[in-house]
Amino acid sequence: MYTKLAILFWVIVLALFALCARIVYLNVKKGNEYSIQVLAQQSFNSATIPYKRGDIKDRNGNVLATSVMVYNLVVDSKIIMSGEKYLEPTTRALSKYFDLNQEDLITTIQEKKNNSYWVVLKNLEYKDIEDFQAYLNYEYAKDAQDRENVDNTKGVWFEKKYKRMYPYNDLASTVLGFVNSDNSASVGIESSYGDDLKGVDGREYGYVGADNDMETVIKDAQDGNTVVSSIDMNIQRIVQKAIKKYMKKYSPKRIAVVVADPNNGEILAMADDITFDLNDPYDLSDYYTEKQIGNLSQNKQSEALNKIWNNYCITDSYEPGSTAKAFTIAGALEEGVLKKNETFFCDGYQQVDIFKIKCHSYEKGGHGTLDVKGAIAQSCNDYLMYAGRKLGKENFVKYQEIFGFGTKTGIDLPGETRGLVYDKDMGMSTLETNAFGQNFTVNMIQMTAAFSSIINGGNYYEPHVVKQIVTPEGEVVKNYSKTLVKQTVTRDTSNFLKQCIRAVVTEGTGSTAAIDGYTVGGKTGTAEKVDTSGKGKGRLYNQYILSFLGCVPCENPQVVCYTLMDTPKENPQATAFNTDLWTYIMKQVLPYLGVEKTAGVEKKAIKQNLQTEFYSNGIIEGDDGSLVLKEEEE
């Protein structure tokens with residue numbers, strides 16, 4: 001008995017082993033084949049659940065870019081044609097609720113009888129489909145015939161997707177950028193922060209088994225994060241409206257403006273005269289006639305679009321002109337080769353080798369004797385050539401690097417240009433023209449960041465247009481606070497330079513930038529344009545880049561504004577045209593930001609011989625109206 005049981009036991013074990021081996025063999029060799037056969041006997045569907053791309057907001061929480069749910073109307077011709085009773089009621093309903101031609105629908109469905117996916121209409125809003133949805137829910141059925149028509153409406157469904165929307169159309173268009181239908185972007189914040197804005201699609205799986213039970217598996221979509229920019233929507237509006245106004249007023253070739261916080265590198269507004277509708281970025285009709293567009297090849301259209309999408313403030317370079325003089329003086333003061341009270345006699349020109357390099361005072365016989373403050377205030381080229389020679393080629397190149405010229409600032413936007421600067425092997429004529437801002441190129445962000453450093457105590461902050469990254473639940477995951485890159489000048493040099501740029505407005509070339517009650521400081525620039533076509537034409541006759549790089553309040557700057565105007569039509573060298581633009585913008589921005597008027601305090605400080613302390617940010621007005629040192633009050 002025991003022997004028989006043992007034999008039976010081992011026979012069963014061997015049989016089970018053989019069965020397992022066979023199962024493993026079938027799974028390895030023919031598993032996919034059998035899986036296909038099983039699935040073919042089931043009803044299986046899979047649908048993508050789209051993620052919502054994150055919003056872009058301004059610094060105050062205003063939504064500048066968002067994604068809204070839209071629907072594609074999809075028809076399954078195969079299902080409709082599976083029964084004779086489906087075609088007529090389905091096409092009748094579609095023609096009624098979506099203003100489609102029923103005969104055309106019937107013809108197309110019959111032609112596509114084996115097609116299960118035909119997108120009839122795209123990007124419908126919910127209001128466009130709600131009546132049809134109500135029809136399918138029998139809300140309009142009055143009798144049995146109506147209900148039967150609903151039951152026989154087959155093969156119609158709505159594919160959900162998100163569409164990118166920009167509520168303010170062209171506001172900050174080159175800063176924000178836009179998204180293509182595939183969620184790709186190559187312009188602005190949409191490109192730079194694409195990985196943060198993107199989410200992950202979800203998926204819904206469903207199938208019906210042999211017992212007719214519906215099994216559903218849902219993997220939820222992960223929405224993208226919100227990007228909070230440093231842009232202030234209201235300041236951006238002020239800037240863009242001002243650009244349009246002054247393009248009409250003076251008809252220049254170009255205008256561009258940057259407004260920034262000099263104490264942390266945040267860009268508050270950035271714009272130029274070319275904008276585009278973010279909701280229709282491929283539309284060229286604002287800049288070309290219909291006939292011109294029709295004559296453009298595909299490559300030429302792409303070139304035209306890229307030109308429109310370019311952010312002039314970072315992608316284009318130009319010679320800065322006299323706005324660069326403060327940096328030459330800063331380097332000479334830092335190296336100790338120039339003293340604050342050092343004088344020089346300007347006779348209107350310098351003879352350098354075979355070149356006669358003129359000051360703008362040449363026709364008047366020169367500026368005469370000037371000290372450093374007077375040289376900056378009067379924008380004297382001759383004095384700056386003197387300062388450049390004292391600084392020397394090697395040190396001049398060193399300070400250009402310190403101030404960030406010739407290198408990218410690192411701003412968080414694509415397409416920044418480096419500009420063109422010389423090395424220490426430059427000729428003397430190049431050094432002398434470079435010293436007053438000609439013969440090298442920069443971009444507007446380089447100038448804004450460098451200028452901010454020489455007025456805030458010497459701190460060079462990386463410029464940026466984004467403050468935070470926030471999850472859909474409101475949790476801050478990244479915080480882009482001010483990033484101190486380097487120290488450009490000492491606080492002593494910074495305090496003195498603030499006195500110099502204040503003198504530009506109170507007694508120098510920037511007097512038209514004055515704003516009643518405010519201590520405006522800044523530097524004018526008039527740079528003769530050079531031909532960049534590559535044809536070797538040299539300087540362009542009577543074409544100039546006019547600029548003003550200013551701050552308020554000068555003694556303790558809270559906002560920097562840089563305006564640039566390329567060759568006004570009537571008077572190409574009229575710096576007053578550009579400062580007119582600057583003051584128009586700042587007269588609106590300063591009250592909006594709540595910047596205090598300090599001209600009265602400055603006046604008292606000058607009377608009491610406390611001007612140096614005032615520009616060192618050490619003077620305030622006490623309760624009784626007298627001036628006291630800030631440290632003493634504290």
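**Reading salt bridges**

Me: In this predicted model, Lys 390 is partly exposed, with a relative accessible area of 33%. Which side chain meets Lys 390 in a salt bridge?

Reply: Start with the general idea: you want a Lys or Arg nitrogen within 4 Å of an Asp or Glu carboxyl oxygen. Here the partner is Glu 342, at 2.8 Å from N to O. The two are 48 residues apart and link distant parts of the chain: Glu 342 is in the loop between helix 14 and strand 11, while Lys 390 belongs to helix 16.

Me: Is Glu 342 buried or exposed?

Reply: Buried means under 20%, so at 15% relative accessibility Glu 342 counts as buried.

Me: Which residues do salt bridges with shared partners join into one network?

Reply: Look for a residue that turns up in several pairs. In this case, Arg 53, Arg 164 and Glu 190 are joined that way.

Me: Where do Glu 88 and Arg 92 lie?

Reply: Check the spacing along the chain. Both sit in helix 3, four residues apart, or about one turn of the helix, and their side chains form a salt bridge at 2.2 Å, N to O. Glu 88 is partly exposed at 39%, and Arg 92 is partly exposed at 30%.

Me: How many residues apart are Lys 478 and Asp 196?

Reply: Their side chains meet at 3.1 Å, N to O, yet they are 282 residues apart, with Lys 478 in strand 17 and Asp 196 in helix 9. Lys 478 is partly exposed at 36%, whereas Asp 196 is buried at 13%.

Me: And how many salt bridges does the structure hold?

Reply: The count is 20.

Key
Residues numbered from 1 in each chain as written. Predicted model: local features only at pLDDT ≥ 70, side-chain atom pairs only at ≥ 80, totals over all residues. Heavy atoms only, no water. Buried < 20%, exposed > 50% of the residue type's maximum accessible area, 1.4 Å probe, protein only.
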